[in-house]
Amino acid sequence: MNPARFNKVTLDRKQAVVKRSREYHSPLRAAQALDTRARVLAAARTQFTKRGYAASTIAIVAREAEVSVHTIYGAFGSKIGLLKALMDVTVSGADDGVGILERSDPQLMRQETDQRRQLTMFAAGMAGQLERLRPVDDILRGAAAVDAEAAALRQDIQQRQRRAAMRTVVGWVAARGPLRDSLTQEDAAAIVWTLTSPEVHALLQSPWGWSRDRYSLWLTDALISALLP
């Protein structure tokens with residue numbers, strides 16, 4: 001056999017073996033990476049809650065998660081990146097990169113043709129989301145008091161992300177019928193943004209002891225009364 005051809009065949013075989021090896025091991029590696037990521041996020045939540053954001057170093061979180069500091073920096077970039085990831089996962093309820101409004105429950109609400117049913121579904125979803133979110137938002141609010149990056153993150157979440165989400169939700173409702181009197185979609189979004197804020201949820205749940213179901217029922221009535229004819 002021609003030496004050049006022999007070398008090419010040998011190289012092709014080696015590349016094929018490497019490719020098969022990568023394909024075989026990639027699901028395992030992906031599962032391990034997801035498990036590591038979940039452990040780091042759980043450790044971050046524990047330490048941020050226990051020590052506060054400022055006192056919780058990456059090294060402390062790494063020890064809690066039983067990973068290296070390099071692993072955390074490689075996955076999240078920085079401590080504020082870790083906090084942002086924790087917020088994102090908490091809001092969406094899963095660490096799969098799917099946006100909260102793209103999930104099945106919001107999309108079912110979008111497809112619903114009855115406005116009152118839409119708002120009932122939305123209120124139930126927000127009640128569950130706020131129960132998950134509130135403890136982490138407390139961490140972020142505390143961090144924002146001492147860290148400029150955390151303050152900017154919370155402002156972005158509250159002022160840009162939540163506003164955009166509420167405008168979208170109001171648009172879904174307005175697509176199924178008229179809003180109350182001369183209420184604009186922008187004013188309706190402001191009302192929804194306020195009623196579903198972590199601060200309002202905290203005021204009703206903590207001092208008054210409202211349950212998730214009671215908050216959901218109240219929010220449903222409040223939204224229907226404020227938005228619909």
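Me: How do helix α5 and helix α7 cross, and how far apart are their axes?
Reply: In this predicted model, the axes of α5 (residues 104-111) and α7 (residues 148-174) come within 8 Å and cross at roughly 35°.

Me: Which residues make that contact?
Reply: Pro106, Gln107, Met109 and Arg110 come from α5, and Val169, Trp172 and Val173 from α7. By class, the contact of α5 with α7 has five nonpolar, one polar and one charged residues.

Me: What makes α4 roughly parallel to α7?
Reply: Helix α4 (residues 79-92) packs on α7 at an angle of about 25°, the axes being 10 Å apart. Angles under 35 degrees count as roughly parallel, therefore α4 is given that label relative to α7. As for handedness, the crossing of α4 with α7 is right-handed.

Me: Where do α4 and α7 meet?
Reply: Ile80, Leu83, Lys84 and Met87 of α4 meet Glu149, Ala150, Leu153 and Ile157 of α7. The residues of this contact divide into six nonpolar, no polar and two charged.

Me: What kinds of residue make up the contact of α6 with α10?
Reply: Among the residues in contact are Leu119, Phe122 and Met126 of α6 and Tyr215, Leu219 and Leu223 of α10. The contact divides into 12 nonpolar, four polar and three charged residues.

Me: What makes Tyr215 and Trp218 an aromatic pair, and what is the pair called?
Reply: Their ring centres are 5.8 Å apart, and the limit for a pair is 6.5 Å. The planes are 40° apart. Stacked needs under 30 degrees and edge-to-face needs over 60, with the rest counted as tilted, so this pair is tilted.

Me: How are Tyr215 and Trp218 placed along helix α10?
Reply: Tyr215 and Trp218 are three residues apart in α10, and are therefore separated by about one helical turn. Ring pairs also link Trp210, Tyr215 and Trp218 into a cluster.

Me: How do you know whether Tyr215 is buried or exposed?
Reply: The relative accessible area of Tyr215 is 2%. Buried means under 20%, so Tyr215 is buried.

Me: And why is Trp218 called partly exposed?
Reply: Trp218 has a relative accessible area of 26%. That value lies between the 20% and 50% cut-offs, so Trp218 is partly exposed.

Conventions: Residues numbered from 1 in each chain as written. Predicted model: local features only at pLDDT ≥ 70, side-chain atom pairs only at ≥ 80, totals over all residues. Heavy atoms only, no water. Contact = heavy atoms within 4.5 Å. Helix = DSSP H or I, 4+ residues; strand = E, 2+ residues; numbered from the N terminus. Nonpolar A, V, L, I, M, F, W, Y, C, P; charged D, E, K, R; others polar. Phe/Tyr/Trp six-rings, centres within 6.5 Å; stacked < 30°, edge-to-face > 60°. Buried < 20%, exposed > 50% of the residue type's maximum accessible area, 1.4 Å probe, protein only. Axes fitted to C-alpha atoms, helices over the stretch in contact; angles between N-to-C directions. Parallel < 35°, antiparallel > 145°, perpendicular 65-115°, else oblique. Left-handed = near helix turned anticlockwise from the far one by under 90°.
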